[in-house]
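Notebook open, model loaded. I want to look up a few loop residues and jot down what turns up.

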Amino acid sequence: MIFIAPILQLLILPLAADYEVKNINISIVDHDHSTYSQQLISKITASGYFQLADYGNSFQQALEQIEKDKSDIILEIPDRFEENLIRENANELFIAVNAINGVKASLGGVYLNQIIAAYNNEIRLKWIQPPKYNTVPSIEITSSYWFNQLLNYHYFIVPGILVALVAMVGSYLCALNIVKEKEVGTIEQINVTPIKKYHFILGKLIPFWIIGMFVFSVGLFVVARFIYGIVPAGSLWVLYAFLSIFLIAILGLGLLISTFAETQQQAMSVAFFFIMIFMLMSGLFTSLDGMPRWAYIIARSNPVTYFIEVVRMVILKGSGFSDIKNHFLIMIGFAGLLNGLAIWNYRKTS
Amino acid sequence: MIKEVVIKTDKLTKRFGDFIATNEITFEVYAGEIFGFLGANGAGKTTAMKMLCGLSRPSSGNATIAGFDIYKQTEQIKRNIGYMSQKFSLYEDLTVLENIQFFGGIYGLSDKQLKKKSNELIDILGLQKESKKLVASLPLGWKQKLAFSVAVLHEPKIVFLDEPTGGVDPIIRRQFWDLIYQAADKGITIFVTTHYMDEAEYCNRISIMVDGVIEALDSPINLKQQFTTSTIDEVFYKLARRAKRTENLK
């Protein structure tokens, strides 16, 4: 169970947690029914992003489709689209977007604009003889994407999700395990022995540390590699060195929770609180730079944030130790702080 | 003959807010004796015992256990005592043998000692067939006997037993007391709480706690004379009736 659940999550979550918007339902209102309008429509449907939900000649009807949530976007092609385009060299198209799902709407609008612009260029090229000299100087921008050339979203999200899962396994299991001993009463039997605090805590940390290492390795070498084709560009030594410190920090959090909680329910709800923050305020899904100041500060005090950055830097960019030296120092700080607090708060005598 | 004192308390008190769980208890326990610590539910027995074991810090008063100070030398105390709580508290998800080895290991027994001890223990308890079984699968009576044996595995000076025979049938209780006598013969001081008055009669001396205070302390024979009754049961009843507390506080 400990191993299967995170691996399953790693298989499923990245497929769903994807920014790329596909299958946008489009309603096209065509008042023109010309060759050009047909060409434009086939361009749109062939792009792969849009699905033709409805094709008709009434805007009202298309709007109904949006109201019924069957369609996300309307493209209205005016009457005499072809005629005016040829005669006056210009024409206007109308796009209406259902903005309930903001991401889908804005991306859909952008995609559609791009397709129309590309189509526009195509027909202009057909008509206009290119002049011998470029009369209007123009700057053309071409971008090249480094470290993830194909902008494959999985490269970005899979390592991040793996980190979040390891954090979850570590903090949850560790906290629950000790609180269970409180509930069953075995901890009292331990507290009455001359065992040293640090012996007890090490005895609790080491097994979960190994479990965390194992889960991460399976995720990285099996799931990420074979399912998503992610091969780390950087040094595995650096990655694992960081992982081992990260695990100590996160297990320290689990320990700390367990020293406060009396029952497994308490431990669960506190751990869940932290897991939510870990997931949503770590730059896993959203960029840290886009956060308001206060949220940025919280995200910067979240150990998971640093490990997600490191994982992405090492796996995608191939960053070495010197690039993430600060991250190392900060993570050692977290590990020391959390475990220190846990040991300080763990009392054999009440 | 001068008796060696192994537990000595002086006005030992534990308060939880306004509530005084144990109120200035003062007594001595001698080496090698079986000391019965009696009292109704909520009288403060478990609280007192937890303070003596170093699980709970006293609010005031002093005590020495096996010659060690209860405030400053809790770790030395822990090396010299065994403890068996009300709740069964060996690891149910470990086997009999694993539990013995785990707790023996904590007390620093060597592998050789451990092997010898665990074989002896399993023989005495007749658990040869069960030694590789999970403790969870044993009946309660067997678990209690095992817990006691584990508590005295490291041959402590004193062993504290908190209602060790609760919920156990009479035959097992008898066997349990045989184990207690065997331990006492080895020189281990037994400090035991119980609700069974017949068990109280087995003790060398008993104390009876009422509302956080020790109301009586003597040998069972002397107590019966003092209260002019024929059984400890009646002594207990006469004293416990004075109690004003009713809630079951631990």
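Is A66(B) buried or exposed? I get 15% relative accessibility, so A66(B) counts as buried (buried is under 20% relative accessible area, exposed over 50%, partly exposed in between, with a 1.4 Å probe and protein chains only).

Ground rules for myself: this is a predicted model, where local features need pLDDT of at least 70, side-chain atom pairs count only at pLDDT 80 or more, and totals for chains, interfaces and linings use all residues. Residues are numbered from 1 along each chain as its sequence is written, chains are lettered from A and ligands numbered from 1 in the order in which they are written, and side-chain values use heavy atoms, with hydrogens and water left out.

Chain B, A66(B). I found A66(B) in the loop between β4 (60-65) and β5 (68-69). Helices (H or I, at least four residues) and strands (E, at least two) are DSSP runs, numbered from the N terminus. I checked the backbone too: phi of A66(B) is near 50 degrees, a positive value in a non-glycine residue. Most residues other than glycine have a negative phi.

Chain B, T228(B). I see a positive phi here as well, near 45 degrees. T228(B) lies in the loop between α8 (220-226) and α9 (232-240). With 66% relative accessibility, T228(B) counts as exposed.

Chain A, E262(A). I placed E262(A) in the loop between α9 (236-260) and α10 (264-280). It is partly exposed, at 48% relative accessible area. Leaving aside neighbours within four places in sequence, E262(A) is in contact (heavy atoms within 4.5 Å) with V179(A), K182(A) and E183(A). I also noted K180(A): 82 residues from E262(A) in sequence, but 8.8 Å in space, C-alpha to C-alpha.
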